[in-house]
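The plan is to look things up one at a time and jot down what turns up.

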Amino acid sequence: MGRFSHFLAIDWSGAKGPVQKGIALALADAAGGPPVLVERGRGWSRADVLALLREDLPNDTLVGMDLGIALPFADCGAYFPKRDVLLPDARALWALIDDICAGDPNLGAQSFVDHPEFAPYFRNGSDTGMHFGCDGAAHGRGRFRVTERAQAEMGCKPYSNFNLVGAAQVGKSSLTGMRVLHQLRGRLPVWPIDPLPERGSALVEIYTSLAALEGGRSASKAKMRSHEELDAALARLGSPHVGGEGPIDDHSSDALLTAAWLRRIADEPGRWTPSALTPELARTEGWTFGAL
């Protein structure tokens, strides 16, 4: 038996509303067997997930959440350059977001992206903020963390957390997730912003496309929409099939595959010690577990 006994993968969502169709949870047991969906009759809300992480985790669970646990910092020397008050680390960023959005229902983050101090850093459906491209990059896609550049080198197609446009945008899901991370302070360590404890549960950032790539999927076909595709990818990871036939929604398939992937790689030392991860990056930007 390795460091962890259970592996919980969470496909996250920044959508509005009391229940998010894009949230899916899957659990894999270190003892073996196929990963299983953790289902809730009415669907999952972000508050439901927060309550589970606070109160109902199995012992020694490695939790992976599909979101960015921080905003870019290293590229411009700050999350929000040109702002008078500079935030020193990810914990301060989480606290600021949660404070500004305290009145937003369902752990939403609209108040933050609408805030006059911070809106100029984001690109939304009607406006590109004046500081959106403050990194000076010619691609114009928005700022990226060091870990997101590492994802791209592995064959993924990451998106900037400052981008709020399009079906693939990840900004709001990451911001809502940072509210959850702030409210978990003192209850569940978040690697690498917190050191990995010798025992107990911990939370890491995941990118489901990394699991899909290691499951034999290409970047252009990372999503699996049938049980047959999912079972083939699970087999590549050495995991038993989940069973079933026909279509499966991509949120569930992402969660199931990623739970199996976490189980496979969690005891590989190199996954916890990527060469580009410096102490400053760990403190400010974090890292995507599994990115090398």
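This is a predicted model: local features need pLDDT of at least 70, side-chain atom pairs count only at pLDDT 80 or more; totals for chains, interfaces and linings use all residues.

**Entry: K172**

I stayed with K172 and looked up its neighbours. Leaving out residues up to four places away in sequence, K172 touches G14, Q110, V113 and L164. I then checked P120, which is 52 residues from K172 along the chain, and found their C-alpha atoms 15 Å apart.

**Entry: the sheet**

Next I wanted the strand order. What I found is an open sheet of 5 strands, running β3-β2-β1-β4-β5, with mixed pairing. Its edge strands are β3 (36-37) and β5, each of which pairs on one side only.

β1 (residues 6-11) and β2 (residues 24-29) pair in the antiparallel sense, over 6 bridges. In that pair, H6 stands opposite D29 of β2. With β4 (residues 61-66), β1 pairs in the parallel sense over 5 bridges, and here I10 stands opposite M65. β4 in turn pairs with β5, also in the parallel sense and over 5 bridges. D66 stands opposite I206 of β5.

**Entry: how covered is β1?**

How many residues of β1 are buried? I count 6 of 6, so to my eye the strand is mostly covered. I reminded myself that in a regular strand the side chains alternate between the two faces of the sheet. Looking at each side of β1, I found H6, L8 and I10 buried on one, and F7, A9 and D11 buried on the other.

**Entry: helices across the sheet**

I looked for helices lying over these strands. α1 lies across β1, β2, β4 and β5, and runs at about 165° to β1. α8 lies across β1, β2, β3, β4 and β5, at about 30° to β2.

**Entry: α1 and α5**

Two packed helices are described by the angle between their axes and the distance between the axes, and I noted both for this pair. α1 (residues 46-55) and α5 (residues 171-183) pack at an angle of about 30°, their axes 10 Å apart. Angles under 35 degrees count as roughly parallel, and α1 and α5 are therefore roughly parallel to each other. The crossing of α1 past α5 is right-handed. On the α1 side the contact uses R46, L50, L53 and R54, and on the α5 side T176, V180 and Q183. I sorted the residues of this contact into 3 nonpolar, 2 polar and 2 charged.

**Entry: D56**

I followed the chain on from α1. D56 is in the loop between α1 and β4. Is D56 buried or exposed? Its relative accessibility is 54%, so D56 counts as exposed. I also checked A109, 53 residues from D56 along the chain, and their C-alpha atoms are separated by 25 Å.

**Entry: α7 and α8**

I did the other helix pair the same way. The axes of α7 (residues 227-236) and α8 (residues 250-265) come within 10 Å and cross at roughly 5°. α7 and α8 are therefore roughly parallel to each other. From α7 the contact takes L230, A233, L234 and R236, and from α8 it takes S253, L256, L257, A260 and R264. That contact divides into 6 nonpolar, 1 polar and 2 charged residues.

**Entry: S226**

S226 is in the loop between α6 (208-214) and α7. I looked up its relative accessible area and got 16%, which means that S226 is buried. Which residues does S226 touch, not counting those up to four places away in sequence? I found G246, P247 and I248.

**Entry: α4**

Last, I turned to α4 (residues 146-153), whose buried residues are V146, T147, E148, A150 and Q151. These buried residues pack against β5 (202-206) and α10 (279-284). Just after α4, I noticed that G155 takes a positive phi of about 110°.

How values were computed
Residues are numbered from 1 along each chain as its sequence is written. Side-chain values use heavy atoms; hydrogens and water are left out. Axes are lines fitted to C-alpha atoms, for helices over the stretch in contact, and angles run from 0 to 180 degrees between N-to-C directions. Helices (H or I, at least four residues) and strands (E, at least two) are DSSP runs, numbered from the N terminus. Angles under 35 degrees count as roughly parallel, over 145 as roughly antiparallel, 65 to 115 as roughly perpendicular and the rest as oblique. A crossing is left-handed if the near helix is turned anticlockwise from the far one by less than a right angle, and right-handed if clockwise. Contact means heavy atoms within 4.5 Å. Ala, Val, Leu, Ile, Met, Phe, Trp, Tyr, Cys and Pro count as nonpolar, Asp, Glu, Lys and Arg as charged, and the others, Gly among them, as polar. Buried means under 20% relative accessible area, exposed over 50%, partly exposed in between (1.4 Å probe, protein chains only). Two strands pair if DSSP finds at least two bridges between them.
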